[in-house]
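Reader: Could you walk me through this structure, please? I am new to reading models like this one.

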Amino acid sequence: MSSIFVIGSDNQLTELDQAAYDSEDLFQRLLEEYPAILRLAGDPEGRLLLVRREQAVPDALNGSDRWSLDHLFLDRQGVPVLVEVKRASDTRARREVVAQMLDYAANGVAYWPIDKIVQAYHETSAKAGQEPDSHLSEFLENSDAESFWRAVEANLRSGRIRMLFVADRIPKELARIVEFLNEQMRPAEVLAIEVEQFTSPTGIRTLVPRLIGQTERAQTAKAVTEPAERLSEHEWLENLESLHGAQARAGTERTVGWLRENGYHIVVTNSQDSLAAGLSRPDGKRTYVFFLRRTSGRMETSLANLSTTPGYAADDTRQTLLHTIRA
């Protein structure tokens, strides 16, 4: 049996022995409550947003829910991360679980409507006592939520997903299947994380994740060119003019000028589709309220981003503000 040793601040050594998880449900709840355990399989920044535990998967367009995926997460690039959890004591943690995951992925990519994904996320956040829009804004660090959901939908439809097997011990047979699939499949990724648990008689628990499947060959095969540099404001306005004409550009420049004069900070969003206008809050963070869309040539508001700002937490207060803006 393996052990690890922890030295505390008092310089005392504690030995922790490898231990099995009491149940698969406990294992799943750990991932639900602490997505950071899966950081090794996240985006470059390692952050994951839980959409739902036990996410239903239909078998046809507008069809009934046939399967249930253990967890559905999203990374900050809008890539869906499909997670299936098995304990080593479950002998299905080999070929059967791979076939199961491929069923989920094939049907989820084809039949998950984006509005159901958004709804599932909102329900999960509310159940956890979080305000969904505020929680998402924090996850995205005030980037454009609408662009994020569009990216999620685009990734689903193009098959850009990440399939992730999680177990306390990944059998070598499953590890080889994962490595082979990850080398062959693109743009989809197939990975596994082994999360060993170590405990002490005093109740200390330590989890040790290990990523499997990210071979050098797979990384080379999936290598992509660096994303284009973010447009400058001048380049963004030129693109707007090419789409909607000189009058649209002149109106946008007047709007941006007014916003700056009134203390707004203007940035090009990550999607490069919008100029976002934000105000600094008392805590020093910015809240982005207005978005000037390049594709539509319109200005939109995202007052949900104000829900964590003092004075605008209540829905009716933001509704009053919306009526004032429209007037």
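Reader: To begin, where is the place of Ala41?

Author: Ala41 is in the loop between helix 1 (24-33) and strand 3, where helices (H or I, at least four residues) and strands (E, at least two) are DSSP runs numbered from the N terminus. Please keep in mind that this is a predicted model, in which local features need pLDDT of at least 70, side-chain atom pairs count only at pLDDT 80 or more, and totals for chains, interfaces and linings use all residues. Residues are numbered from 1 along each chain as its sequence is written, and side-chain values use heavy atoms, with hydrogens and water left out.

Reader: Does Ala41 count as buried or exposed?

Author: Ala41 counts as buried because its relative accessibility is 2%; buried means under 20% relative accessible area, exposed over 50% and partly exposed in between, with a 1.4 Å probe and protein chains only.

Reader: And which residues is Ala41 in contact with, leaving aside its neighbours within four places in sequence?

Author: Apart from those neighbours, Ala41 is in contact with Arg162, Leu164, Leu191, Ile193 and Leu211, where contact means heavy atoms within 4.5 Å.

Reader: Changing topic, what does helix 3 reach from its first C-alpha to its last?

Author: Helix 3, residues 114-127, has 14 residues and reaches 20 Å, close to the 20 Å expected at 1.5 Å a residue; the expected span is 1.5 Å times one less than the number of residues.

Reader: Which residues of helix 3 are buried?

Author: The buried ones are Ile114, Ile117, Ala120, Tyr121, Thr124 and Ser125. Seen down the axis of helix 3, they fall within an arc of 130°, so they line one face of the helix, the arc being that of the directions from the helix axis to the C-beta atoms.

Reader: What covers them?

Author: The cover for the buried residues of helix 3 includes strand 3 (48-58), strand 4 (65-75), helix 4 (132-139) and helix 5 (145-158).

Reader: Finally, how many helices and strands does the protein chain have?

Author: The secondary structure of the protein chain comes to ten helices and twelve strands, and 43% of its 327 residues count as buried.
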